[in-house]
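Let's walk through this structure together, starting with the overall layout and then moving to pairs, pockets and surface. Keep the view open beside the text as you read.

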Amino acid sequence: MAQVGIVMGSDSDLEIMSKAAEMLDKFGISYEMTVISAHRMPDIFFDYANKAEEKGYKVIIAGAGGAAHLPGMAAAIFPLPVIGVPIQTKALGGVDSLYSIVQMPSGIPVATVAINGAANAGILAAKILATSNPELLEKLKAYKDELRASVVAKKEKLEKVGYKEYLNK
């Protein structure tokens with residue numbers, strides 16, 4: 001049974017939203033991913049959001065560009081956490097998507113990550129699930145240690161070779 005639902009309004013969002021799936025894979029979290037347009041297929045969207053809890057989802061990660069109603073509508077129906085991923089748009093660079101997702105009315109919160117920040121959405125979903133899963137919490141701590149080690153390695157390399165050589169790679 002999937003713990004996380006990943007939904008996006010268009011397959012053009014798949015390249016970005018796959019980064020959430022990659023993070024969930026890293027932590028061993030089950031998920032289901034689909035494309036549903038809240039505007040073009042509202043009946044299917046409402047069915048998805050209404051049945052998400054019954055399907056075992058503990059978190060929904062919803063990506064959307066432009067008007068970006070998908071995350072907010074999911075949060076209006078699904079009683080558990082929804083994480084919105086604003087997708088960069090050609091017209092306004094994703095700021096339109098960001099504003100649409102973060103400006104939810106009182107009572108309908110959507111946790112929102114940066115424009116195209118699906119990897120962070122996956123990590124945030126893992127952190128939410130880790131509040132009741134000690135094994136997952138340990139995986140998150142190990143990931144944090146990996147991040148630290150990668151920065152320390154870069155610091156040491158820069159100090160060893162200097163910035164000119166570092167940039168030449």
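Starting at the N terminus, the elements of the protein chain follow the order β-α-β-α-β-α-β-α-β-α-α. That makes 6 helices and 5 strands, where helices (H or I, at least four residues) and strands (E, at least two) are DSSP runs numbered from the N terminus. Please bear in mind that this is a predicted model, in which local features need pLDDT of at least 70 and side-chain atom pairs count only at pLDDT 80 or more, while totals for chains, interfaces and linings use all residues. Residues are numbered from 1 along each chain as its sequence is written, and side-chain values use heavy atoms, with hydrogens and water left out.

For a sense of scale, the C-alpha atoms of the protein chain fill a box of roughly 60 × 40 × 30 Å along the principal axes. Of the 169 residues in the protein chain, 37% are buried. Here buried means under 20% relative accessible area, exposed means over 50%, and partly exposed lies in between (1.4 Å probe, protein chains only).

Gln-3 is partly exposed, at 28% relative accessibility.

Now for the charged pairs. Side chains of opposite charge can pair when their charged atoms come close. The whole structure holds 5 salt bridges, each defined as a side-chain nitrogen of Lys or Arg within 4 Å of a carboxyl oxygen of Asp or Glu. One of them joins Lys-26 to Glu-146, with the closest N and O atoms 3.1 Å apart. Lys-26 belongs to helix H1 (residues 14-26) and Glu-146 to helix H6 (residues 134-168), so this pair ties together parts that are 120 residues apart in sequence. Both partners are partly exposed: Lys-26 has a relative accessible area of 41%, and Glu-146 has 44%.

Another salt bridge links the side chains of Lys-55 and Glu-32, at 2.9 Å from N to O. Since Lys-55 sits in the loop between helix H2 (42-51) and strand E3 (59-65) while Glu-32 sits in strand E2 (residues 31-35), the pair ties together parts that are 23 residues apart in sequence. Lys-55 is partly exposed at 37% relative accessibility, and Glu-32 is partly exposed at 35%.

Which residue forms a salt bridge with Lys-155? The partner is Glu-159, and the closest N and O atoms are 2.9 Å apart. Both residues lie in helix H6, 4 residues apart, about one turn of the helix. Glu-159 counts as exposed, with a relative accessible area of 56%, whereas Lys-155 is partly exposed at 46%.

Let's turn to the pockets. On a 1 Å grid over the protein atoms alone, a pocket is an open set of points with protein on both sides within 12 Å along at least five of seven lines, a 1.4 Å probe being used for cavities, where it fits but cannot get out; lining residues have an atom within 4 Å of a point. The largest pocket has a volume of about 290 Å³, a volume being the space filled by probe spheres set on the points, which are joined across faces, edges and corners. Among the 18 residues that line the largest pocket, Gly-9, Ser-10, Arg-40, Ala-64 and Gly-65 are the closest to its centre. E3 and helix H3 (69-77) each supply at least two residues of this lining.

The second largest pocket has a volume of about 160 Å³. Its lining residues include Ile-123, Lys-127, Leu-137 and Tyr-143. Helix H5 (118-130) and H6 each supply at least two residues of the lining, and H6 gives the most, with 6 residues.

Finally, look at the surface, where Val-95, Tyr-99 and Val-102 form a nonpolar patch with about 270 Å² of accessible area together. Patches are made of residues with over 30% relative accessible area and no salt bridge, with like charges joined within 9 Å and nonpolar side chains (Val, Leu, Ile, Met, Phe, Trp, Tyr) within 5 Å. The accessible areas come from the Shrake-Rupley method with a 1.4 Å probe, and for residues only the protein chains shown count as cover. Val-102 lies in helix H4 (residues 95-102) and is partly exposed, with a relative accessible area of 38%.
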